[in-house]
Structures are given as structure tokens and as C-alpha cells.
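Here are some notes to read beside the model. Take them slowly, and keep the viewer open as you go.

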Amino acid sequence: MNGGPALVSIMRQGSNLIASVHTALDDSELVRFERDLVDQIGEFRSRGVIIDVAALDVIDSFAALTLRRIAEMARLRGAVTVLVGIQPEVAFTMVRLGIGTGDVPTALDLEEGLEMLARTAPHPASGADGRR
Amino acid sequence: MSDQQQEPERTAAGEGEHLLSQLVAHLREHRTRLREEWAQRIQQAHLLNAMTPQEMSAETTSVYDNYVEVLETGSVEALQHYARDLSERIIPRGVETHEVVGIVLLLRDVLARSLFEKYQRDFGLLNEVLDAYEPAANRIANTVAVSFVDERERVIRQQQDAIRELSTPVLPVRERLLILPIIGVLDSERARQLTEQLLSGIRKHRARVVVIDITGSPDVDQTVANHLVQTVDASRLMGASVIITGLSPKIAQTLVTIGVDLSKMNTIGDLQGGLEEAERLLGYTVTRKEGGTSS
Amino acid sequence: MSATERGEKGTGHASADVADLIPMVRRIVGARVGSHPAADDLVQETLTRVLAASDTIEPGMLEPYAIVTARNVVATMWRDEDRKRRNRHRAIDLSEPETPEAQLVLDEEQSAMARALGRLDERERRTLLEHEVSGTDTKTLAESAGSTAGAIAAQLNRTRARLRVEYLLALQHVEPPTDRCRPVLIALSSGDHRRQREVRAAQHLLECKDCASLSQPLLERGQQREGSLRITIAADPDIVAARSAAREVASRLKFGPTELTVIATAVSEVCRNIVRFAGSGEVVIELLESPRRGLQVVARDAGPGIPSVEKAMSDGYSTYGGLGLGLPGVRRLMDEFALVSESGHGTTVTMTKWERNTDDE
């Protein structure tokens, strides 16, 4: 996003956006990520969003909240968000801490996440009328 | 077989070898009688009680033949192979160390005695034959004992590993499906281990569905019930759905007491039903409606 | 040095022989210094010396020679370190300055030192000077003062601690704003943790700007203490830095991957509260040896404090969602958890994770 190696990459694939977090993010970086991703969802009228958090060694309350907020904003823009790559230790810690992803669906990894999106949205929005 | 090739001149070592081959020929010739005598001595000494007479007959025959073969070739590899083979066959039948050493020593004595009989007229030759026989026989006994103990330790280690695994088993039943049967009393430390194993199992086997069967766990207190709920949640965070089977009314009550919404947990009466549900989840394409929660 | 080695003919096979010695030298050095950061340097140093001498060593004697050399190299390092340790309390570098500016700095330092010495009381000053300058040992000093060597050593330590503080004050030309400042600075200077708690040193540093900056060199002296880490928390990136540091320190104990993540996450939560509600504060991460081995994290701020600790700590056991301060969740993550908050004076969270018993892995 800004100078230095990218902390996050957002790729467009068909009607989906794939956002991969590459390293631990602090709170301001998370907020910037949220803004960038939500902007792009609107811009590309994406139908599905995958957020790959496999590189996050900690998902604390703020990170979880941010991820949920992204999914909610995406939903308001007509896109389904799937969270992929939560590590076993991170998953354990999140539930011990008492935080979750709410209603945001999760999948093991990118591959599974893409499959889940394909199942959720049977017609890829190839037609011009991507919205209902 | 080798007793045909007799040559008049030999070195000292060659002499021993020559005597050994004579000896081997003798042991082969009287195989049936000597083996039976040995089996009898084993019975008298109350060794190998764990075996049936048929087993005993089969085992003694093969042990006898191999013994003679080792005497014949005299190679260390053959001996070690023999000892290992003996231990591997005999340990699963619950044979103790003293029994194995006992039967090998008995065989050594039975054969020695037959040599006394055969060469009793020629005392000098008897001495030479025994000089060749005894070190070889002792070496066999020694190697068998050491190898047996090694093998036993290996088996014990293996069993310990298996038991450790069994206490918290995560079983991949088929592609994408894991079963976690919880057996015995769960304390919170074991519950924690179980959760960790399940979560790394989900990643390792790329599981989509997990069946946790708690039929085998009679008692679940509130702490453990909490753990169970957290395990379900954590599995879901990794993208796996959890089905709980074998939930007793008492445990269900505990879950409700700590404030768990049972309608949000996928519970099925028995393991069979749970597996069917799992298959359905895996085979049947689950359509997730927007905003709905299907777990 | 390496140029001469390479220049010489015939060292080809010798260097091959020396290369064979590497594992052995490494073992010898390792056995003496463990995982000391200088271990590799010591191995290199030994090999260089052996290589340089390899031409004059009889064949077959290379190995014994290397063993003796390795021991000597290690012993030299300990001697150096020991000397440094003994001289660590000296606030000024006694070596000759090289530039005119340095001379100026030195003059300034010397006058500061003179002023600092002037602020010590007569008896203290005399004992210190006799010990440091005349080299009189503590036993002789004790005899002439009718005291014991131990008491004199303790007195010297206190004097040095005071001297360091007075020297810093003189050098910076400041007079501490409150009468709490001096006791706090002296406690920090002496490295006496009990005394630091008594005078609530950490709390004072968060409240007093002067002491916060003055204490920096004093704390850096104590920073060498094994397995203890202090991180200032003032902004978002500090949260990430603190949790990585906690994970790093914790990984020296027998914690599994899950526990490391649990610790890092707990640290992340308490640091965020500092940034959000107090603006700034600090986190001290420390390895514990007793009563059990474990990791202790103390997060401290001088913010407004939590009005109702009771309320902050209650969220019901399994209610997810209401994020608040996240403290009940943090308490679930850690084995020990204590929260002290004083309205207007900030909050201190002390939390511990014990190393698990070994038999279950």
C-alpha cells in the first residue's frame, strides 16, 4: 500500500477478491487494510472476498473485530467473505480469549475458501447485472 | 550335505571347521530324535507354557533347524538374523526372557549330550568336537539373549507409543473426515491436549468434518464442557464442522447449565448417525444461504 | 592476519588439518561458554591462532595444541568480561580522548564528577576514594572503620549508586522536581528491585518526565540482566513489538506453540489497553525461576485508571462478543492474573504463565 514491502496484497480473480495478509499488522495497519479492501470491493463489485490470515501469528480482539467489520461491510455491498488460514494455535487462543468471527464463514485454506465461494455463489457474475 | 567334502590335511582352524561340519551332519541325521528329546526337556522345565503343543512342535522344529544352520555357517549375520527372528516370533506369545534363554541352553545341552554319546569311545576326538562346539553354542545362546532383550524393549516402547496415541486418538476415517472418540475421564489438562491434537489434525488431514464421540466419557464437569464448546468453536475457525455424538442427557444438562445454546451445536444420538450426517455434509454440496449459519 | 596465512605456502594441508579440528574446538568452547554470543568468535580466534602456529607444531600435536589454545582464549575472554563487570559502575570512560571535542566532553564529565563527589557525605566519599583510587581492599577498610568487609562492600555499592545519580544530575544540570525523585533514581541505580518496589519506582517514572529521561542510562546498566525485558508502549507498533518480544522470551522456556501464541495474544491485549486508555506505559517481561519456571508480564501505565475493576473483570464465562477491555479473556489465557488500578494513578496488570510439567510431552 505504502512504501516498503507490501504488508497485504489484494488480488482480483474474476468476481472475487483475494486479500492475503503477509505479516503481523498493528492496529493502524489493520484499519488501513480494512479501508483499502472495502474500497476495492465497492470498486470491482466483487461477489466474493477471501481473506487469507495464515501469516498472522496473533489474532487478538482488535484484529478479530476488524475482520468481522470487513465481512459486514462486504455483505452490505453484496459480497460474501470467507476467512481462511487461521492457524490451530491461533484458533485455540481466539476461543480461549472469547472472541470469534461471528457469522463470517471460515475455511482451512485458500483452495477450500475458493471452493466454498463457488458453492455459495453458483453463477459467477459474468453477466453485466452483477447485482440484484 | 557338507560332510561329503572331507580332506585329509587341515590347519588348526580348518580342523575346527571340519569337526563342526561333522557335527552338523550328526545333528541333521538325528534331527527328529534330538528335537523330541529337547521338547521333552522344555516341558519338564515348565518352559513355554503359554504355547499349545502344536505351536511348540512347530517352533522347536524351526528353532532347531536354524540353530544347526547357524552352527554350520558360523556367520555373525546369520546368527543375529536367527536371534532377531526368534525374538520376533516368540515375544508376541508372551514368552519371558528366562524362557528363551532357558530353551536355548537346553538345546545346547541336549546336543552336547548327544555328542558325548556319539564320541564316547574316542575321548580325544570328543574333546576336539566339544572344543569346536561349545564356543559356537555359547555364542548362539548369548546373542539370542541379548537380541531378545533388545527386541522386547523395542516392542515395549512401541506399545507405549501406541497407548499414548490411543489416549487421545484423532482418527482419519476417510478423506476430509476425522473422528475423535473421547474415552475415559477428561480432566482439563487432557481436554486441552485433545483440543490441540484435534486442531493440528484438522490441518494435517485437511478435514472438513469432525465427529467428536463422547459415548465413552461418562462424566463431564463444567470446565470440561466449556472446553468441549471451545473445541467446537476453534474447529469451526479452521473451517471444519463438528458433529457431537453420544451426548448423554446428563452432559447435555451440564452444557445447558453453563449457557451453551445446544441448538447451535450439531448433536446426533449415536456414532453411526453422526457418521451418516458427516457423509451427508461431505458428499452433499451444502448450499450456504447468505447470512445464514449452517453449523 | 588472514592475509599472511594465505600468503604462506604449505599451509594448504595444514588448514585442512585445522578444519578437522573445528568440531572439537567448538565442543570445548561450547562446554565453557554455552551459547554465549561470543562463542563463534572464540572458535574463530582459536583456529586462527592454531593455523598461524601450525608450521611450528609437530605433526600429531595439532590437537592438543588446539585444546590448550581454546582454553586460553576462553579464559582471556572471562578475564576481560570480569574486568568490564568490575568497572561497569564507573560512569566515565577512563581511556584517553582522541579529538578536541572529546576533550571538551571529558572536561565537562570531570567537572560533573567533581560536583557529584561533592554531594556525597564526607565518610562515604573517603571510603569510596580509598577503595577506588588507592586500591585499599574492603577488608582493610573494614578494620580501620571497625566494621565488616560485607558491610563496607554494601556501603560502597550504595555510594556508587548515589554517585551515579548525582553525576547524572550534575551533568544534565537538573535538580529533580519532587522529593520522590532521588530515592527512585538511587533505587534504580542500585538495581535493588525490592527497594524499587518500596519507592514505587516504575510508577514514578511514568509520572515524572525528568526521571524518565534521567533513568535511561541507569536502566540500561541493569538491562543486561538475563531474561528480563522492558518495552515502552506509546503507539500501535509498540503493541506488535511487545508481543513479538514476549514470544521470543517465552520461547526460551518449554512452552509449546499454542502457549506461545496465548502469551503473545495476552500481551497484545494489555498493551492495547495502555495505548487506548492511558496513552503510554510500559511492559516488563521476565522469566521466573521460583516458585516455578514461568513467564511474568507486568503492564503498567499512569493513565486515568479503571473506575470499577470488578466490572472490568466480569463478563460471564462464555459470553462472546462484548469486547470492552478484554481483561476477562486475558485472565482465561494466563495462569495468574492480577489487576491493580488507582483512579488517577494508572493501572498495573501482572500476569504469569507457568511452564507446564514435562511429563505430558
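1. Before going on, a word on what you are looking at. This is a predicted model, in which local features need pLDDT of at least 70 and side-chain atom pairs count only at pLDDT 80 or more, while totals for chains, interfaces and linings use all residues. Residues are numbered from 1 along each chain as its sequence is written, and chains are lettered from A and ligands numbered from 1 in the order in which they are written.

2. Stay with helix 2 of chain A for a moment. Its buried residues are A:Ser61, A:Phe62, A:Ala63, A:Ala64, A:Leu67, A:Ile70, A:Ala71 and A:Ala74. A residue is buried if 20 or more other C-beta atoms lie within 10 Å of its own, exposed if 12 or fewer, and partly exposed in between, with C-beta atoms placed from the backbone. The cover over these buried residues includes helix 1 (27-44), strand 3 (48-52), strand 4 (80-84) and helix 3 (88-97) of chain A, together with helix 14 of chain C. Just after helix 2 of chain A comes A:Gly78, with a positive phi of about 85°.

3. Now the whole of chain A. It holds 4 helices and 5 strands, in the order β-β-α-β-α-β-α-β-α from the N terminus. Of its 132 residues, 47% are buried. Two residues are in contact if their C-beta atoms, placed from the backbone, lie within 7 Å. Of the contacts in chain A between residues at least 6 apart in sequence, 74% join residues at least 24 apart.

4. Chain A also meets chain C. That contact takes 19 residues from chain A and 20 residues from chain C. On the chain C side, helix 13 (236-250), helix 14 (257-278) and helix 16 (327-333) each supply at least two residues. Helix 14 of chain C gives the most, with 9 residues. By class, this side of chain C has 9 nonpolar, 6 polar and 5 charged residues; Ala, Val, Leu, Ile, Met, Phe, Trp, Tyr, Cys and Pro count as nonpolar, Asp, Glu, Lys and Arg as charged, and the others, Gly among them, as polar.

5. Next, the cores. A nonpolar core is a set of buried Ala, Val, Leu, Ile, Met, Phe, Trp, Tyr and Cys residues joined through C-beta atoms within 7 Å. The largest has 130 residues, of which A:Ala91, B:Val210, C:Val267 and C:Cys271 touch the most other members. Helix 14 of chain C gives the most to this core, with 11 residues. Apart from it lies another core, of 34 residues, among them B:Leu23, B:Tyr67, B:Leu79 and B:Ile140.

6. Finally, some care about confidence. The score pLDDT is the predictor's confidence in each residue, from 0 to 100. Chain B averages 80, with 87% of the residues at 70 or above, and chain C has a mean of 79. Over residues 1-11 of chain B the pLDDT stays under 50, and residues 285-295 of chain B also stay under 50. Where pLDDT is low, the predicted coordinates should not be read in detail.
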